[in-house]
Amino acid sequence: MAEYRIPFNRATLMGNESMYIAQAVANSHISGDGPFTRRCHALLESVLGVRKALLTTSCTHALEMAVLLLDIQRGDEVIVPSFTFVSTVNAFVLHGVRSVFIDIRPDTLNLDEGLLEGLITPRTRAVVPVHYAGIGCEMDAILEIAKRRGIAVVEDNAHGLFGKYKGENLGTFGCLATQSFHETKNVTCGEGGALLINDMRMMERAEIIREKGTNRSRFFRGQVDKYTWVDIGSSYLPSDILAAFLCAQLEAREEIQARRKRIWEYYDMCLTDWAQEHGVRLPVVPAHCEQPYHMYYLLLPSLEQRQALIAHLKRRSILAVFHYLPLHLSDMGRELGGKVGDCPVTEDLSDRLLRLPFYNDLTREEQDRVIDAIRQMGM
Ligand SMILES: Cc1ncc(COP(=O)(O)O)c(C=O)c1O
């Protein structure tokens, strides 16, 4: 990829990462579930108020764990937005689960809860709300429908660490929730994730699935005198070296969030007039949602204008990027039966959305350069 003067994303060290990694090495415990992993678990549990957090190698793997934990079987159905990352859906498809795509709301770009009930069939086992850009889905309505119809709620909270819906942390609503610590996220360790468990009945089995189907976690706690194969599973736990990096980032969360808030609000302040003048829609954050300042996007009036703005910024060495292509229209989605018109709001908005450069150490000067370039764009 070409080098950009202002990239879309850049990993930012917050200070203690190298020191903690050196400590992990000095601890002689660089496999999973070492001291730094335990520190990350404790921190996530206390800050978010979840019953149990388990670090995973990615959000993708946390989603795969959720499918195994819910015991969703071949031929069952899951309701997922088409406007999401492939892993939200692929984790289920991998196990022969049929994905039923739900369209999004035009304001928050989250799944349209008004469509949910109509998509539930006797085979539906779960719905996966994705909190797009960390702005909460309408959880009251989703939870009410899910409870009444007996289906599980798994929050894909890849974008939404520290976001809130009606005062409660995202990730605390579903029986399970998943986080991503990929390099593009507010808090990162390069590649990583977490499974948040709110239904304690799944706790013990989650540990087993994460440890290759063995009860090794119980063995390490001295609860059994040897460990053995007790269930299905895989290797979903990250090295303590990665956990050390993540721990440094999680401990710096207030600084990270404060910086990102300044960046988000500056884009918003500087682009409001321009957006109004040019028919561009800026992100909508409902009053009952507190956002984690994960992303700043523009919704251009047309695909052509979006592409023109990408090219205009590229000429100024600024990388701005589109986001999810509708999954139901991807090669795989079409193979599974998706066709044009299934999710009209997704199809329209996906063509028009543009994400602006956003990383923890984006400087005011860089941001001014992006904003000036956008303003110079004749539309
Ligand atoms: C909504 C959503 N879910 C899941 C993922 C997968 O995350 P990971 O790269 O940690 O597997 C992403 C990645 O960006 C995402 O945007």
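A crossing of two helices is left-handed if the near helix is turned anticlockwise from the far one by less than a right angle. In this predicted model, the crossing of H2 and H9 is left-handed.

**The H2–H9 pair**

Helix H2 spans residues 35-48 and helix H9 residues 240-251. They pack at an angle of about 35°. Their axes lie 7 Å apart. The residues that make the contact are listed by helix below.

| Helix | Residues in the contact |
|---|---|
| H2 | Pro35, Phe36, Thr37, Arg39, Cys40, Leu43, Leu44 |
| H9 | Asp240, Ala243, Ala244, Leu246, Cys247, Leu250, Glu251 |

By type, the residues of this contact divide into 10 nonpolar, one polar and three charged.

**Helix H1**

H2 and H9 also bear on helix H1. Both are among the elements that cover the buried residues of H1. H1 runs over residues 17-26, and its buried residues are Glu17, Tyr20 and Ala24. They cover an arc of only 70° around the axis, so they sit on the same side of H1. An α-helix has 3.6 residues a turn, so residues three or four places apart point the same way. The face of H1 turned away from this buried side carries the exposed residues Ser18 and Ala26. Just after H1, Ser28 takes a positive phi of about 60°.

**The largest nonpolar core**

The largest nonpolar core holds 35 residues. Leu70, Phe92, Leu176, Leu195 and Ile197 touch the most other members. The largest share, eight residues, comes from H3.

What does Leu70 contact, leaving aside its neighbours within four places in sequence? Its partners are Arg125, Ala152, Val154, Cys175, Leu176 and Met202. One of them, Leu176, is also among the core residues that touch the most other members.

**Glu168**

Glu168 lies in strand E7, residues 168-169. Is Glu168 buried, partly exposed or exposed? Its relative accessible area is 46%, so Glu168 is partly exposed. Leaving aside neighbours within four places in sequence, Glu168 is in contact with Gly163 and Phe173. Leu362 stands 194 residues from Glu168 along the chain. The C-alpha atoms of Glu168 and Leu362 are separated by 29 Å.

Conventions
Residues numbered from 1 in each chain as written. Predicted model: local features only at pLDDT ≥ 70, side-chain atom pairs only at ≥ 80, totals over all residues. Heavy atoms only, no water. Core = buried A, V, L, I, M, F, W, Y, C linked by side-chain atoms within 4.5 Å. Buried < 20%, exposed > 50% of the residue type's maximum accessible area, 1.4 Å probe, protein only. Helix = DSSP H or I, 4+ residues; strand = E, 2+ residues; numbered from the N terminus. Contact = heavy atoms within 4.5 Å. Axes fitted to C-alpha atoms, helices over the stretch in contact; angles between N-to-C directions. Nonpolar A, V, L, I, M, F, W, Y, C, P; charged D, E, K, R; others polar. Arc of directions from axis to C-beta.
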